[in-house]
Amino acid sequence: IRYSYHVAGTVGIMMCDALKCDYSVAKSFAIDLGIAMQLTNIARDVLEDAKMGRRYLPGIWIQNISPKEIVLAAKTNDLKKIHIISKGVKKLLILAEQYYFSGERGFTFLPFKTRVAISIASGVYREIGVQLENENYNWQNGRQITSIYKKIKISLFKIFKEIFYFRLKKRHNPKLHIFLEHLVDDK
């Protein structure tokens, strides 16, 4: 969570400033959307990252399987290690869903056109995780790609949702930032 905050949650803060979103609580929701998208990115890129000697899945979730072992498991179809890593990817995407849910609750603080654009971007990016789930968290065959057809379908749904779905301004769930103590001011 801390890593995702540093590489993507901070982008959410900057976007609030760039979009002149004057609600201080909006930044907490923007951080959550950034974290959700980064967690999805980690899940999507398990094999590609391992080929570059990197592993972002928490070691405790995957029995500390190293990047070299991840690559080897994919090459040799080591079903035991593939399954262990798939369980880690699943856990990561379940966590990401909590942050997507919170991030979406913060859309209400944005002007309509901006809200629609960010809602679409969020939905398209979230689809990567949905596709991984539909493929039984099959990470070893490389990146999931969202088709143009699926992007259009998500875009139309998100436009419709933002036009007709009424959101009340809600409080942020501080439990989502428990690992960000001293990094985020959730007041």
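Searching the whole structure turns up 10 salt bridges, each being a side-chain nitrogen of Lys or Arg within 4 Å of a carboxyl oxygen of Asp or Glu. Before you click around: this is a predicted model, where local features need pLDDT of at least 70 and side-chain atom pairs count only at pLDDT 80 or more, while totals for chains, interfaces and linings use all residues. Residues are numbered from 1 along each chain as its sequence is written, and side-chain values use heavy atoms, with hydrogens and water left out.

Start by selecting Asp45 and Arg143. Their closest N and O atoms sit 2.8 Å apart. Helices here are DSSP runs (H or I, at least four residues), numbered from the N terminus. Asp45 is buried at 5% relative accessible area, whereas Arg143 is partly exposed at 43%; buried means under 20%, exposed over 50%, partly exposed in between (1.4 Å probe, protein chains only).

Next, pick Lys161 and Glu104, a salt bridge with its closest N and O atoms 2.4 Å apart. Lys161 belongs to helix α7 and Glu104 to helix α5 (residues 79–105), 57 residues away, so you're looking at a link between distant parts of the chain. Lys161 is buried at 17%, and Glu104 is buried at 18%.

Last stop: Asp49 and Arg54, bridged at 3.4 Å between the closest N and O atoms. Asp49 is buried at 9%; Arg54 is partly exposed at 33%.

Terms used: Helix = DSSP H or I, 4+ residues; strand = E, 2+ residues; numbered from the N terminus.
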